[in-house]
Structure formats: structure tokens, C-alpha cells
Amino acid sequence: MDEITRGFIRAIELILELNPEVIEVTLRSFLIALSSVTIASLINVPLGSLIYFHHFPGRSGLINLIQTLYSIPTVTVGLFVFLLISREGPLGSCGLLYTPYGMIIGQSVLITPVILGLTISALSNVSDDLRDTAISLGADRFQTIRTVIAEARGPVLAALLLGFGRALSEVGVAMMIGGNIRGYTRVLTTAIALETSMGNLEMSIALGLILISIALVVNTVVGRLQEW
Amino acid sequence: MIQLEDVSVERNGRQILKDINIEVRTGETLGIIGPTGAGKTTLLRVMDLIEVPSKGRVLFRGEAPKNESEKLAARRRIGVVFQRPLMLRGTVYDNVAYGLRIRRLSKDEIDKRVKAALSDVGLEGYERRPARMLSGGEMQRVALARALAISPEILLLDEPTANLDPRTSYVIEDLISSAKMRGMTVVISTHDLPQAVRLADRIVIIMDGRVVSSGSPDLLMGSDSDEVREFLHAGMLRHLDRRFIHELTRISH
């Protein structure tokens with residue numbers, strides 16, 4: 001028990017004294033997760049709008065599949081992306097394995113179902129009457145889509161933030177694709193796993209506290225955004 | 001101005017409108033009356049080219065819009081106020097300016113038209129207010145300003161005074177009368193018979209999705225049809241009931 005208490009105290013000291021390793025790992029995690037969300041949102045918000053505004057055979061089946069993939073295990077995505085970018089894979093020549101770029105691709109794939117599904121759901125929650133109001137005021141198809149997206153901007157932003165939270169807190173992709181290389185691909189989650197296995201509890205707790213704080217902030221902002 | 005030829009609308013196996021033939025003439029005020037659920041809202045949605053009829057065709061200025069861009073061009077000359085108008089995100093100004101911005105008018109022109117439309121509906125000084133925080137009556141007036149700001153050739157009004165207090169109803173009726181005086185073509189759907197008689201040059205009675213009669217208010221009052229007479233008398237009776245209750249409330253106060 002004493003060891004855990006001492007670990008907590010030392011962890012707080014590490015955070016307060018801005019330990020270079022803690023800062024470096026935190027910043028890298030942030031950058032990789034942020035890049036993943038940016039890429040995933042650039043693809044999935046327009047794609048989600050396309051699925052919402054177009055009726056085609058198998059649309060509801062597709063939405064069901066997307067929603068089922070919300071909770072896809074991170075190691076499964078890790079394995080899939082590993083096979084894709086490993087030396088023998090179709091993208092092997094790009095040299096992405098064990099690099100932050102490979103991790104960004106992996107996390108973008110991981111959060112795709114969440115951002116895509118929640119974007120569709122956010123747009124579905126905008127009343128049809130509102131869409132009709134825009135059309136009746138003379139909006140063309142593109143202007144109507146823009147109005148509906150603007151109306152759903154709170155929930156769509158909340159979806160992006162949830163994607164950010166999932167990317168930041170996942171460990172499977174980061175470990176399998178990044179390889180947890182110190183000073184290069186080590187992020188909060190993989191560092192926690194490693195430091196704990198090495199018995200360096202204070203460092204694990206410090207990083208864990210940062211991760212929990214970020215999760216708390218993300219959840220609070222998501223809650224606010226959904227009402228926005 | 002707008003012509004409906006043999007228009008039928010079927011939704012989920014239910015017949016909403018059946019073989020409707022109506023012509024809205026330029027400059028007239030056409031009242032569409034009928035009980036709740038008769039199909040009045042759907043009829044207005046068909047006229048606004050939002051609802052595609054299952055059968056028949058809609059002509060705008062003698063031409064049936066063939067594709068989406070022709071429909072859009074026609075729709076941009078029509079102003080609509082729905083029964084429960086929805087406010088878009090933003091301020092009252094944003095709402096009234098919406099139709100003008102999407103038509104890419106200049107900032108000065110938008111400013112001028114928004115101010116004039118808000119002044120017409122008696123909402124000067126409301127520009128910066130969040131539209132969704134307004135009362136029902138104020139929202140109805142913003143919706144009317146929003147429709148008038150685009151200077152439509154025809155104004156479609158779906159139960160514009162339903163759920164409003166008598167004072168606000170009179171303000172809205174006054175605005176409709178002014179639009180009519182300016183020569184605007186107006187179609188007003190209502191279940192309030194005296195209102196239709198007050199505002200319309202011609203009335204169409206619609207029941208169960210069918211046109212049962214049409215003509216001038218005087219002509220309809222003397223109709224031979226039992227169905228029409230029954231509806232008109234019931235409408236008048238309800239109106240008298242309301243006036244009676246209103247009088248009683250006034251006396252008791």
C-alpha cells in the first residue's frame with residue numbers, strides 16, 4: 001500500500017515538475033491522435049453526409065454494420081493494418097511499419113466507424129421539417145446539406161471528440177503498428193503498459209493520471225457539445 | 001400561376017390527395033378550407049414542389065418543371081409559411097436573411113430587405129435575438145418576414161394563425177391583407193372558415209383529400225351540396241361558440 005501511495009505522490013511530482021519524458025510522450029500521443037481524427041473526419045463527415053442524404057439498396061444494413069464496428073477490438077484493427085503495411089503487405093514498400101505515420105493510419109481506421117456512425121446519427125436527429133424549411137426558402141441540394149450539417153454541428157463535433165478519445169486511449173494499434181519505440185512511437189498507453197511491466201509505478205501512475213484527466217475533459221466537452 | 005392537374009398523393013398505401021384539379025390565378029387570394037387531416041398541408045407542399053405527387057402534374061406559370069434545377073427556379077419564386085414554422089440556428093436576422101444569402105444577394109441589399117421585412121411584421125429591433133427563444137407568435141411573424149423578404153410572386157400559408165392568440169392572429173391577417181393589396185398571389189390553408197371568408201377571393205373546400213367544392217365565399221354559402229352546407233354550418237357554429245366563450249370570459253373578468 002505504501003508503495004502505491006509513494007507512487008501517486010511521485011507521479012504528481014513528475015507531472016508538476018514537467019518531467020521531459022512525461023511531456024514528450026503526452027505531446028506525441030496528442031499529435032498522433034489529433035492527426036488521426038483530422039484524417040478520419042475529412043473522410044468520414046462527408047461520407048456520413050453522403051450515406052444520410054442518399055437512399056440506396058442496403059443502406060440500413062450498411063448503417064447497422066458501421067454501428068456494430070464501434071466496438072471492434074483495437075488489436076483486430078492493429079492486425080489488419082499490420083498486414084497492410086508490413087513488408088509483405090500491399091503497402092509494405094511505403095515503410096510505414098513502426099512509424100508514427102503507420103500509427104496515424106491505424107488509429108484513423110480504428111475510429112472510422114465511430115465518426116461515420118455518429119455523423120449519420122447526428123444528421124438523422126435533425127428534423128425533416130428543418131430540411132423542408134431550407135428547401136422551401138430556395139436552398140439547392142448543396143445548400144440544404146450545408147444547413148443540415150450546420151444544424152448538427154454540436155453532435156458532429158462530439159463525434160470527432162469521441163474519436164479523439166478512442167484514438168488517444170487505445171493500445172492495440174499503438175503497440176502493434178508503432179512498436180513502442182522510445183522517443184519515436186511511444187505514446188501514453190504503450191508507455192503505461194511498459195513502465196508497469198518494468199515495475200516503474202510512479203511513471204505509469206503519472207501517465208495514467210494524465211490519460212484519465214484527458215478522458216474527463218473530453219467527456220465533459222462531448223456532453224456540452226451535444227446540447228450545443 | 002400554379003395549376004394542379006389530376007394530382008393524387010399516396011403515402012404508405014394511404015390516399016392523402018385524390019384527383020385534385022386546382023388553378024391559382026395571378027393576383028388572387030385562394031382560401032383552402034377543410035377539417036384537420038383533410039390534406040391541406042400536403043396540398044401546399046405539392047404546390048411548393050416539395051412533395052412529388054404519385055399521379056398528375058403541377059404547372060408553374062404554365063410549365064411543368066422537368067428537373068431539379070427547374071423545380072428550384074420555380075421554388076425560388078414561392079414563399080411559404082408552415083403551420084409550425086421552424087427557426088433555423090442563429091438570430092432573427094440570420095433567419096430572415098437565409099433565403100437572401102442563398103440567392104447570393106449583396107450584403108447591403110440583404111440588410112435593407114431584412115430590415116424592411118422585420119418592420120413589416122412589427123419586429124424592428126429583434127435582429128440580434130436568438131430565433132429559437134421567441135414566442136410562438138413572434139416565430140410565426142419571423143417566418144412570414146422570412147417568406148416576404150425574398151419578394152415571392154406567390155405566398156403559400158399553411159394555417160398561419162393556428163395556435164396563436166386572437167391579437168397575434170389579427171396582426172398576421174393584417175399582414176396577409178397588405179400582401180394581397182400589393183398584388184401578391186396568396187394561397188391560405190385554414191380550418192377557420194370566417195378567416196377564409198375574410199381574406200379569400202375564392203375558396204376551395206377539401207375533405208378526405210378531395211375537392212368537394214370551390215367558388216366565391218358567397219357562392220359557397222348558398223351551395224346545394226349537403227356535404228358543403230354541413231361543413232360550412234359546423235364551421236360557423238364553432239366560430240360562434242368561440243365568440244360566445246370569449247364573451248363569457250370577458251364578462252366574468
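Mentor: Two strands pair if DSSP finds at least two bridges between them. Helices (H or I, at least four residues) and strands (E, at least two) are DSSP runs, numbered from the N terminus. This is a predicted model, in which local features need pLDDT of at least 70, side-chain atom pairs count only at pLDDT 80 or more, and totals for chains, interfaces and linings use all residues. Residues are numbered from 1 along each chain as its sequence is written, while chains are lettered from A and ligands numbered from 1 in the order in which they are written.

Trainee: How do you know that E1 and E2 of chain B pair?

Mentor: Strand E1 (residues 2-11) and E2(B) are joined by seven bridges, and pairing asks for at least two, so they pair. The two strands run antiparallel. One bridge partner is B:Val24 in E2(B), which goes with B:Ile2.

Trainee: What is the order of the three strands in that open sheet?

Mentor: The order is E2-E1-E4 in chain B, with antiparallel pairing.

Trainee: What makes a strand of this sheet an edge strand?

Mentor: An edge strand pairs on one side only, as do strand E2 (14-24) and strand E4 (55-60) of chain B. On average, neighbouring strands here are turned by 20° against each other, direction ignored. Helix H1 (residues 40-47) of chain B lies across E1, E2 and E4, at about 125° to E1(B). Such angles run from 0 to 180 degrees between N-to-C directions, and the axes are lines fitted to C-alpha atoms, for helices over the stretch in contact.

Trainee: Which strands are at the edges of the open sheet of six strands?

Mentor: The order is E5-E6-E7-E3-E8-E9 in chain B, with mixed pairing. Strand E5 (78-81) and strand E9 (210-215) are the edge strands. Strand E8 (residues 202-207) and E9(B) have five bridges in the antiparallel sense, and B:Met207 has B:Arg210 in E9(B) as its bridge partner.

Trainee: Why does B:Ala117 count as buried?

Mentor: B:Ala117 has 24 C-beta neighbours inside 10 Å and therefore counts as buried. The cut-off for buried is 20 or more other C-beta atoms within 10 Å, for exposed 12 or fewer, with partly exposed in between; C-beta atoms are placed from the backbone. B:Ala117 sits in helix H4 (residues 107-120) of chain B.

Trainee: Which residues is B:Ala117 in contact with, leaving aside its neighbours within four places in sequence?

Mentor: They are B:Val96, B:Ala145, B:Leu148 and B:Ala149. Contact means that the C-beta atoms, placed from the backbone, lie within 7 Å.

Trainee: Why are H10(A) and H11(A) called roughly antiparallel?

Mentor: Helix H10 (residues 188-197) and helix H11 (residues 201-227) of chain A pack at an angle of about 155°, with axes 8 Å apart. Angles over 145 degrees count as roughly antiparallel, under 35 as roughly parallel, 65 to 115 as roughly perpendicular and the rest as oblique. The two helices are therefore roughly antiparallel to each other.

Trainee: How many residues of chain B are in contact with chain A?

Mentor: 15 residues of chain B are in contact with 15 residues of chain A. On the chain B side, helix H2 (68-75) and helix H3 (92-101) are the elements that give two or more residues. That side has eight nonpolar, one polar and six charged residues. Ala, Val, Leu, Ile, Met, Phe, Trp, Tyr, Cys and Pro count as nonpolar, Asp, Glu, Lys and Arg as charged, and the others, Gly among them, as polar.

Technical notes:
Contact = placed C-beta atoms within 7 Å.
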